[in-house]
Amino acid sequence: MTENGIAYERRSAAPVITPVQPRRLAKVPFVELAEGRLQGVVSSASRVYVSSITAGDHGLSCNTNNNRPCGGLGGTRPCNHIGALIDAAVAQYGLDRVTRYLKVTLPDGGQDIRAALHAKAAPNRAPEVFSSFLRHLAYLELPPTVEPLPELQWFPATAATPR
Ligand SMILES: [Zn+2]
């Protein structure tokens, strides 16, 4: 791990995996279980947040892609972006895989990962996660297509909806 922004070796863009359930790409265009974290990109109120939860100790991090801290993340309480990230991860990977990865213990029959986190604050991971997202987009752009990519719908130019 580096704290000073120096890139380190990691796998290149993950192959596109068919989600367990359909998920809303306009809300959470990117989610992955990688580097010991559940991490991803959440679009909210025309801002882009980069959120992560570390596996095991449940360190929470949420910042805009410009590295501004998320106002909704108060120490150990997950913000709505982290909640949306968890929902997207469960849709993408299934509940069992996400709980195993994060080492969350759910009560019998429980499905609420957010409530089961024993969370603490974690260092800002936005630059690393956002660059992973950009690699993911680059991967998606490889096949030539004229179809709009759902992963890009959150960009203001294509996601503009009248208020
Ligand atoms: Zn947040």
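How many of the residues of strand β2 (residues 37-44) are buried? Select the strand and color by accessibility: 8 of its 8 residues are buried. Keep in mind as you click around that this is a predicted model.

Now show the side chains of β2. R37, Q39, V41 and S43 point one way, while L38, G40, V42 and S44 point the other way.

On one side of the pairing list is strand β1 (residues 30-34), which runs antiparallel to β2 and is joined to it by 5 bridges. For a landmark, find V31, which stands opposite G40. The β1-β2 hairpin has 2 residues between its strands, and E35 there takes a positive phi near 55°.

Then select strand β3 (residues 47-54). β3 pairs with β2 over 8 bridges, again in the antiparallel sense, and S43 faces V48 across that pairing. This hairpin has 2 residues between the strands as well, with A45 in the turn at a positive phi of about 50°.

E35 and R37 make a salt bridge, at 3.1 Å from N to O. E35 counts as partly exposed because its relative accessibility is 21%, whereas R37, at 2%, counts as buried.

Now pick E128 and R125. Their side chains meet in a salt bridge too, at 3.4 Å from N to O, and both residues are buried.

For another of the structure's 4 salt bridges, go to K120 and D57, whose closest N and O atoms are 3.3 Å apart. This pair links distant parts of the chain, with K120 in strand β5 (residues 120-121) and D57 in the loop between β3 and β4, 63 residues apart.

Last stop: the zinc ion. Which atoms coordinate it? Select C62 (SG), C70 (SG), C79 (SG) and H81 (ND1), at 2.0 to 2.3 Å. The angles among these 4 donor atoms run from 102 to 114°, and the site is tetrahedral. For reference, the ideal angle for four tetrahedral donors is 109.5 degrees. C62 lies in strand β4 (residues 59-64) and H81 in helix α1 (residues 80-93), so this pair ties together parts 19 residues apart in sequence. C62 is buried at 4% relative accessibility, and H81 is buried at 10%.

Methods: Residues numbered from 1 in each chain as written. Predicted model: local features only at pLDDT ≥ 70, side-chain atom pairs only at ≥ 80, totals over all residues. Heavy atoms only, no water. Donors = N, O, S within 2.8 Å, 3.2 Å for Na, K, Ca; no water. Tetrahedral: all angles 85-135°; square planar, octahedral: opposite > 155°, others 65-115°. Helix = DSSP H or I, 4+ residues; strand = E, 2+ residues; numbered from the N terminus. Buried < 20%, exposed > 50% of the residue type's maximum accessible area, 1.4 Å probe, protein only. Pairing = 2+ DSSP bridges.
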